Amino acid sequence: MGASHWHLDLYLLPLLDLSGVELAGIADPDEGAVARLTQRLGCPGDTDYRALCRRLRPDFVFALGRHADMPEQARFLIEEGIPFALEKPCGLSAADVEPIAGLAARAGAFAAVPLVFRNGDFARYLETLKEEGDLSYASFRFIAGFPARYRQAGCDWMLDPSLSGGGCTINLAVHFFDLALSLLGPDVRVLNATMANHAWRERVEDYSVVTFERAGALCVVETGYLYPAPTSNFDMHYALRSPRTYTIAHDTQTVESLANDGTSRQWPSLTTNVPHYRTFVGDVLRRVREGQPPLASLSDMVPIMRLMDEAYARASAHPLLPASPVLVAS
């Protein structure tokens with residue numbers, strides 16, 4: 001569902017590599033996207049996902065599409081009894097996500113969310129740091145490509161806040177808000193948030209810094225649409241101070257841990273989200289087949305979206321610049 005989403009191949013290509021799995025069909029409100037994808041994939045398609053699901057009765061659905069449409073997609077799938085994975089952020093705000101999370105819980109629905117860092121070894125390593133005691137500081141810098149890529153992908157809606165909810169914060173920072181909750185605990189709060197659209201003058205922010213706090217411990221999440229590189233390439237750097245360790249993610253594949261005596265060890269680790277979608281697809285289908293709950297569900301998105309609402313509320317004290325249709329990235 002919502003198959004014109006730019007993340008389609010992150011789900012589709014791993015899916016097609018799995019044995020015992022058949023792509024039953026694709027749905028998207030864009031007739032042109034449906035025509036292109038049905039020709040490419042050789043499967044049924046429809047602009048009405050409700051009609052397609054009722055006709056095909058799929059065993060599982062990957063639900064993508066516009067953020068504004070996600071709550072209704074989830075509600076339909078829950079009511080139809082179809083297990084699904086819903087792309088983050090699952091709506092525009094916590095007010096969107098809380099009702100569908102509650103509906104899923106009451107129905108006992110399989111309602112997964114691709115908080116895909118949870119599928120990787122880096123997040124599992126961060127969990128071990130809590131054995132040292134309270135984390136003191138963490139910073140996550142994650143800068144992606146220009147917002148023009150959404151127009152090029154036919155997803156102009158990403159630059160309309162009424163349909164997307166915002167820019168790089170709601171799109172990229174979701175994963176790191178999840179890590180902040182994991183590292184600092186449920187009592188974490190948004191201390192400060194600053195967002196701007198100075199680089200590209202779109203209607204959504206192209207740069208964001210959000211600071212979380214809990215009992216004096218701080219976590220900074222920096223995201224943006226600034227990096228002149230192809231999709232799925234990032235300017236990234238993470239650093240964390242725990243009682244006995246200083247941890248650095250130097251790049252997309254390398255983590256270093258330095259003990260307080262200065263001794264160091266390095267190891268390969270996948271530190272961006274993209275490689276984990278393949279793991280997520282296999283894991284989520286295995287879980288639904290075996291009757292296990294998802295690794296992350298709609299319920300996990302509720303505290304994340306509460307923090308997201310806090311961040312946008314804090315940042316609203318300094319409104320974005322008026323959008324300029326003249327400035328277009330080359």
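Where does P89 lie? In this predicted model, P89 is part of the loop between β4 and α5. The peptide bond that leads from K88 to P89 is cis, and its omega is near 10°.

Strands β4 and β5 run parallel and are joined by two bridges. A85 has A112, in β5, as its bridge partner.

An α-helix has 3.6 residues a turn, so residues three or four places apart point the same way. Just after α4 comes G81, with a positive phi of about 75°.

A second open sheet has eight strands, in the order β7-β8-β9-β6-β10-β11-β12-β13, and its pairing is mixed. Its edges are formed by β7 (189-196) and β13 (264-268); each has a single partner strand, so one side of each is left without a neighbour in the sheet. On average, neighbouring strands of this sheet are turned by 10° against each other, direction ignored. Strands of a sheet pair through backbone hydrogen bonds, either parallel or antiparallel. The pairing of β7 with β8 (residues 207-214) is antiparallel and extends over seven bridges. Within this pairing, A193 has V210, in β8, as its bridge partner. Helix α6 (residues 121-129) lies across β6 (137-144), β10 (235-241), β11 (245-249), β12 (254-259) and β13, and it runs at about 165° to β11.

T271 is located in the loop between β13 and α11. Apart from its neighbours within four places in sequence, T271 is in contact with F117, F122, M236, Y238, A249, D251, T252, Q253 and V255. When residues up to four places away in sequence are not counted, L298 touches F84, L86, C90, V97, I100, A101, A104, A111 and V113. Between L298 and V221 there are 77 residues in sequence and 22 Å in space, taken from C-alpha to C-alpha.

Positive phi values also occur in residues other than glycine, among them R57, with phi near 45°. R57 belongs to the loop between α3 and β3 and is partly exposed, with a relative accessible area of 41%. S232, which is not a glycine, has a positive phi of about 75°. This residue lies in the loop between β9 (217-225) and β10, and its relative accessibility of 36% makes S232 partly exposed.

Empty space was also examined. Rolling a probe the size of a water molecule over the atoms shows where empty space is left. The largest pocket contains about 670 Å³ of space. Its lining consists of 28 residues, and those nearest its centre are L15, E22, A24, F60 and V61. Two or more lining residues come from each of α1 (8-17), β1 (26-27), α3 (49-56), β3 (61-63) and α11 (276-290). By class, 22 residues of the pocket lining are nonpolar, two are polar and four are charged.

The count of cavities of 30 Å³ or more is two. The second largest cavity has a volume of about 40 Å³. It is lined by A112, V113, L115, R118, N119, F280, P294, L295 and A296. This lining comprises seven nonpolar residues, one polar residue and one charged residue. Among the lining residues of this cavity, A112 is also the bridge partner of A85, and V113 is also touched by L298.

Key. Residues are numbered from 1 along each chain as its sequence is written. This is a predicted model: local features need pLDDT of at least 70, side-chain atom pairs count only at pLDDT 80 or more; totals for chains, interfaces and linings use all residues. Side-chain values use heavy atoms; hydrogens and water are left out. On a 1 Å grid over the protein atoms alone, a cavity is a set of points where a 1.4 Å probe fits but cannot get out, and a pocket is an open set with protein on both sides within 12 Å along at least five of seven lines; lining residues have an atom within 4 Å of a point. Grid points are joined across faces, edges and corners, and a volume is the space filled by probe spheres set on the points. Ala, Val, Leu, Ile, Met, Phe, Trp, Tyr, Cys and Pro count as nonpolar, Asp, Glu, Lys and Arg as charged, and the others, Gly among them, as polar. Helices (H or I, at least four residues) and strands (E, at least two) are DSSP runs, numbered from the N terminus. Two strands pair if DSSP finds at least two bridges between them. Axes are lines fitted to C-alpha atoms, for helices over the stretch in contact, and angles run from 0 to 180 degrees between N-to-C directions. Contact means heavy atoms within 4.5 Å. Buried means under 20% relative accessible area, exposed over 50%, partly exposed in between (1.4 Å probe, protein chains only).
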